[in-house]
Amino acid sequence: TYVAHPNKTFVCDVVNAIGDIASRIPEVAERCLQGLLTLTTSNSDKVVASAVVVIRKLLQQHSAYPAVVQTIVGLSDKIKSPLARASIVWIATEYIEHVQVVAVE
């Protein structure tokens, strides 16, 4: 598949294309979100960052998906990209009711 291509810049373009498809065809948005969530486990920081940013854009257009919100917020320690980190902050604050609070001991 395209998302397994060795050229990570190309994969990021594919991630953006998936986001465009989900934006234009609401009937496939949930399936696209699930695919993008899978990409957040990639070994490539660049691909993970692209997926997080696209997921944020989709969440802005569609209603919240609690499992998606919780998963993305859980990535906050792993993400290094400033744009992706900003996307996580936006998601966490916008959908705070879906974020499970964990107390630090």
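**Labels and their grounds**

Modeller: Along the sequence, the protein chain reads α-α-α-α-α. This is a predicted model: local features need pLDDT of at least 70, side-chain atom pairs count only at pLDDT 80 or more, and totals for chains, interfaces and linings use all residues. Residues are numbered from 1 along each chain as its sequence is written, and side-chain values use heavy atoms, with hydrogens and water left out.

Biologist: What makes up the secondary structure of the protein chain?

Modeller: Five helices and zero strands. Helices are DSSP runs of H or I with at least four residues, strands are runs of E with at least two, and numbering starts at the N terminus.

Biologist: Why does the radius of gyration agree with a compact globule?

Modeller: The rule is 2.2 Å times the number of residues to the power 0.38, taken over C-alpha atoms. For 105 residues that gives a value near 13 Å, and the protein chain has 13 Å, so the two agree. The C-alpha trace spans about 40 × 30 × 20 Å along its principal axes.

Biologist: Why is V53 called buried?

Modeller: Buried means under 20% relative accessible area, exposed over 50%, partly exposed in between (1.4 Å probe, protein chains only). V53 has 10%, so V53 is buried. Buried residues make up 40% of the 105 in the protein chain.

Biologist: Where is V53, and what does V53 touch?

Modeller: V53 sits in helix 3, residues 45-61. Leaving out residues up to four places away in sequence, V53 touches L83, A84 and S87. Contact means heavy atoms within 4.5 Å.
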